[in-house]
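Hi there,

I am passing a structure on to you, and I hope you enjoy looking through it. Below it are my notes on what turned up.

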Amino acid sequence: MESESETRNQDLSIYIHWPFCRSKCPYCDFMSIPKNDPREFNEVENLLLKDLGNSLKELKSPYVKTIFFGGGTPSLMSAKSIANILNFITKNYRTDTDIEISLEANPATFSKQKLREIREAGVNRLSLGIQSFQNKNLKFLGRIYDSEQALKAAETVAEVFSNYSFDFIYGYQSQTMEDLKKDLTTAVNFGCSHISCYQLTFEEGTPFFWSLQNEKIKPITEAQEVEFFRYIQNFLKKFSFNRYEISNYALKNFESKHNLAYWRYQNYLGVGPSAHSRLIFNNKKYELKKLSDIDKWKSNLYKNLPTYEEKNPLTDYEQLEEIFIMGLRLSEGVSIKSLRLRFSEDILDPILKKIDYIFDKNLFQKSKNRIKLSEIGMLKQNSIVEFLFN
Ligand code: SF4
């Protein structure tokens with residue numbers, strides 16, 4: 001596996017953010033607007049291409065390794081626009097022979113025909129946000145489809161794509177362990193090669209956060225969290241799925257290359273409203289963020305103005321912190337050798353000393369060359385990184 005220091009500067013992953021959904025799920029804090037206006041969809045599709053072209057022009061000979069259409073609900077985009085964006089990249093830039101092109105889909109938003117067109121446009125990996133196959137849980141999560149539609153969508157994806165992921169949300173009051181077992185069994189029986197299981201979180205500003213504050217929803221206990229987490233790992237292991245990241249499981253060689261680029265702290269360009277990037281300009285790593293206000297993003301594109309609302313160089317210390325935030329999510333952890341090559345002793349050694357200090361507490365796995373979290377450590381990843389960098 002490639003480590004963060006071996007990444008060549010020009011290697012690039014591209015993220016395209018589609019900012020619309022059919023309706024807003026009550027737990028979601030992503031930048032997504034509930035809308036179904038074909039004229040605005042068409043306008044944004046054209047502007048995404050312009051934003052992409054402008055942003056790529058600023059980069060030195062990028063070599064594109066992965067492309068990811070996320071959102072929002074990018075399965076609402078027209079297959080023609082997806083094809084236009086992909087043709088633009090492949091005609092004008094060098095791309096990996098093994099390029100991974102993923103698209104996120106919501107079960108209520110496509111027909112078999114549409115999915116075939118998306119595949120013909122060049123998408124070779126589909127990530128289906130099922131969340132659950134069961135009515136009571138879909139209802140609790142505010143999803144816009146029922147169990148029957150979820151199964152139908154899964155069937156269609158399995159028919160049209162050979163590389164696909166099913167995404168689930170777990171850890172909420174209406175869901176039992178039996179429910180989770182049924183969902184995972186269904187997923188495995190479909191023959192998917194990748195499964196994501198995200199624990200429900202209550203993000204500030206969402207209706208679920210409000211319900212939590214008002215005690216209309218009760219979170220699960222820490223003991224239940226551990227139980228669910230272990231159950232998923234043990235269940236999927238029996239079917240040869242390896243947990244390669246806190247919430248992600250894959251059969252051998254079916255890990256998401258695009259998401260690995262984030263976790264391994266490689267370069268990525270995000271286009272579309274609110275999209276983030278980590279890029280190198282003049283040998284300096286920058287964090288960049290596109291305008292979150294969609295009207296401002298559109299108007300800047302019409303006026304040929306930049307669409308970044310933030311563009312800040314990152315200090316070595318900030319980069320080190322980001323490497324730990326991302327890298328400790330991975331089962332492979334972070335390579336000590338590559339940290340030594342990249343950072344001076346005065347920045348790195350205090351962090352390594354802190355790790356030694358908490359090492360006994362069973363949070364880390366013993367490994368000579370890499371820093372890796374144990375299973376319990378993974379569940380406490382946020383507070384570990386906070387301890388290390390405060
Ligand atoms: S479909 Fe996905 S992006 Fe859209 S509101 Fe629901 S969780 Fe958020």
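**Strands and the helix between them**

In β5, Val64 has Thr95 as its bridge partner. Before going further, please note that this is a predicted model, in which local features need pLDDT of at least 70 and side-chain atom pairs count only at pLDDT 80 or more, while totals for chains, interfaces and linings use all residues. Residues are numbered from 1 along each chain as its sequence is written, and side-chain values use heavy atoms, with hydrogens and water left out.

Helices (H or I, at least four residues) and strands (E, at least two) are DSSP runs, numbered from the N terminus. Strands β4 (residues 63-71) and β5 (residues 94-105) run parallel and are joined by 6 bridges; two strands pair if DSSP finds at least two bridges between them. On to the next strand: β5 is also parallel to β6 (residues 125-131), with 4 bridges between them. There, Glu104 stands opposite Ser127 in β6.

Together, β4, helix α2 (residues 79-92) and β5 form a right-handed β-α-β unit. Right-handed here means that, with the strands pointing away from the viewer, the path from the first strand over the helix to the second runs clockwise.

Buried means under 20% relative accessible area, exposed over 50%, and partly exposed in between (1.4 Å probe, protein chains only).

Most residues other than glycine have a negative phi, and most peptide bonds are trans. Gly71 and Gly72, however, are joined by a cis peptide bond with omega of about 25°, and Gly72 lies in the loop between β4 and α2. Ser61, in the loop between α1 and β4, has a positive phi of about 25° although it is not a glycine. Ser61 is partly exposed, at 48% relative accessible area. Ser240 also has a positive phi, near 70°, and lies in the loop between α8 (222-237) and β9 (242-245). With a relative accessible area of 54%, Ser240 is exposed.

**Aromatic rings**

The structure holds 24 aromatic pairs. Rings of Phe, Tyr and Trp (its six-membered ring) pair if their centres lie within 6.5 Å; planes under 30 degrees apart count as stacked, over 60 as edge-to-face and the rest as tilted. Phe166 and Phe190 have ring centres 5.8 Å apart and planes at 85°, so this pair is edge-to-face. Phe166 belongs to strand β7 (residues 164-170) and Phe190 to helix α6 (residues 177-190), 24 residues apart. Phe166 is buried at 0%, whereas Phe190 is partly exposed at 22%.

Tyr357 and Phe387 are stacked, because their centres lie 6.4 Å apart and their planes are at 20°. The charged end of Lys354 sits over the ring of Phe387, 5.3 Å from its centre (NZ of Lys or CZ of Arg within 6 Å of the ring centre and within 35 degrees of the ring normal).

Happy exploring!
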